[in-house]
Amino acid sequence: MGRSNLRAKEEVGGYNIVTFADGKASFEIRKPGIASLPKWIEVPLVKHDFANDPTKHHRPSFAVNKLYPNVKLVWEYQDDSDVGAGTAVYKDLIIATNTTGEVFALDSKSGKRRWTYRTNGKIYSTPAVANGYVVVGSSDDHIYCLSAATGKLAWKFKANRPVLGSPLIEKGIVYIGASDGHFRALQLKTGKLMWDFDQVNNFVVTKPLLYQGKVYFGSWGNEFYALDAKTGQLAWKWSNGSSNRMFSPAACYPVAANGRIFIVAPDRFMTSLDANTGEVVWREQMKEGRVRESMGISNDGKLVYVKTMDGQVYGISTSANTLQVDWKSTLQLPYELAPSAIVEHNNVVLVPSHSGLVSALDRQSGEVLWKYKSSNSLMNLVMPMGKNRVVVSTMDGKIACLEYVPAK
């Protein structure tokens, strides 16, 4: 396509038609049902001799890695496919997935592959590990449970559409949403269906939140749900009232504190909902920047971290009755769109970016402790591992283990 097919303010969207002929590549936009517009560019096809070409071509800079000697690369793994989800850890194994449909384990000390299990679809679901099992969804319409030690299949459960949602495992129960209008609870050991909520508007990609006996998640249908964790019965649902589903609170990982649920969405609103009733406590747009989908909660439950499209990271009060900024980092990123969640570990706040950069911030001061650029692609959820190691993965298939000197 080479362009977005979103229509913005146009009545009809469009896509590119690229024609290769007579040593040229020509590009024209096709408006479905209307017409093909005149070609907007024509490029000559020539054989480039890059080895002897003195021209300096722009390349992403990794110079930032020399600025922070307190963080170093332990190992790096490059997959043959894309990695569109976060990782999980089991003993000395890092569990990862790719868009070839593989679930695989890397040795946490060397980064070498230890086992692989192949599904029949692409995987965008971040695996969850508990009690020696790893659970993940696949676009082949199945939820898989494998032995975390060996990768052997324990069970699989068939949904009616691709399973892009990430699982949450709590007390032997797997909670996971799919693209078929269903959100399910399954028994971890057997895959037995415990309950099935079948009234989800549009599809689920998020990881659910379990809080005070309810399961919370959003969908790409502008709605946010609270279900009874034991029965799957709808406790309440909230809608942002938009006719544009692209504004849905669907990609953020919801967080909770003080009897409230917090969500952000591409409409640039942050919303605080009463966890019990779904009533809006407050719903505001920030004065300082535009929130989007990347958020997380502090370990003490006092702050919700939000990353803005303008590249700042703020800590929002979980107890105030308005959107109150109680903490601000000195970090300043460029324009930023990565929806990946923010994580705090050992007083270090880990912020992924859409350009393969992870930034580590001091929980108390907000100062930047270190940065590391592993790629130039969108970074998934950062996974802390032990006291001073983290594992990062990026959409171009790179997985890296970093070790840093803890903040004094």
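How many salt bridges does a search of the whole structure find? The search finds 18 salt bridges, a salt bridge being a side-chain nitrogen of Lys or Arg within 4 Å of a carboxyl oxygen of Asp or Glu. The structure is a predicted model, in which local features need pLDDT of at least 70 and side-chain atom pairs count only at pLDDT 80 or more, while totals for chains, interfaces and linings use all residues. Residues are numbered from 1 along each chain as its sequence is written, and side-chain values use heavy atoms, with hydrogens and water left out.

One of the salt bridges joins the side chains of E76 and K398, at 4.0 Å from N to O. E76 belongs to strand β5 (residues 71–78) and K398 to strand β36, so the pair ties together parts that are 322 residues apart in sequence. Strands (E, at least two residues) and helices (H or I, at least four) are DSSP runs, numbered from the N terminus. Accessibility was classed as buried (under 20% relative accessible area), exposed (over 50%) or partly exposed (in between), with a 1.4 Å probe and protein chains only. By these limits E76 is partly exposed, because its relative accessible area is 40%, whereas K398 is buried at 18%.

A further salt bridge is formed by R184 and D196, whose side chains meet at 4.0 Å, N to O. This pair links distant parts of the chain, with R184 in strand β16 (residues 183–187) and D196 in strand β17 (residues 193–197), 12 residues apart. R184 has 4% relative accessibility and therefore counts as buried; D196, at 33%, counts as partly exposed. R114 forms a salt bridge with D107, and the closest N and O atoms of that pair are 2.7 Å apart. Here R114 is partly exposed at 44% relative accessibility, and D107 is buried at 15%. K24, K39 and E42 are linked in a network of salt bridges.

K373, in strand β33, is buried yet has no salt bridge. A polar atom of the K373 side chain lies 2.5 Å from the backbone oxygen of S355. Such a polar contact is a pair of N or O atoms within 3.5 Å; within protein, one must be able to donate a hydrogen and the other to accept it, and residues adjacent in sequence count only if both atoms are side-chain atoms. Neighbours within four places in sequence aside, K373 is in contact (heavy atoms within 4.5 Å) with P60, S61, F62, V64, N65, S355, G356 and L357.

The largest nonpolar core holds 27 residues, of which V358, W370 and L402 touch the most other members. A nonpolar core is a set of buried Ala, Val, Leu, Ile, Met, Phe, Trp, Tyr and Cys residues joined through side-chain atoms within 4.5 Å. Two or more residues of this core come from each of β27 (303–308), β31 (348–352), β32 (357–362), β33 (368–373), β35 (389–393) and β36 (398–404). Residues up to four places away in sequence not counted, L402 touches V71, K72, L73, V74, V358, W370, Y372, N388, R389, V390 and V392. A second, separate core has 26 residues, among them L209, Y211, A275 and W282.

S139 is located in the loop between β11 (133–137) and β12 (142–147) and is partly exposed at 25% relative accessibility. A polar atom of its side chain lies 2.6 Å from the backbone nitrogen of K122. Apart from neighbours within four places in sequence, S139 is in contact with G121, K122, P162, V163 and L164. The C-alpha atoms of S139 and S125 are separated by 9.1 Å, the two residues being 14 apart along the chain.

The count of disulfides (a pair of cysteine sulfur atoms within 2.5 Å) is zero. C145 is buried, with 0% relative accessibility, and C252 is likewise buried, at 1%.

Most residues other than glycine have a negative phi. N222, in the loop between β19 (214–218) and β20 (223–228), has a positive phi near 70 degrees and is buried at 5% relative accessibility. N346 lies in the loop between β30 (343–345) and β31; its phi is positive, near 50 degrees, and N346 is partly exposed at 45%.

How values were computed: Lys, Arg positive; Asp, Glu negative; His and termini not counted.
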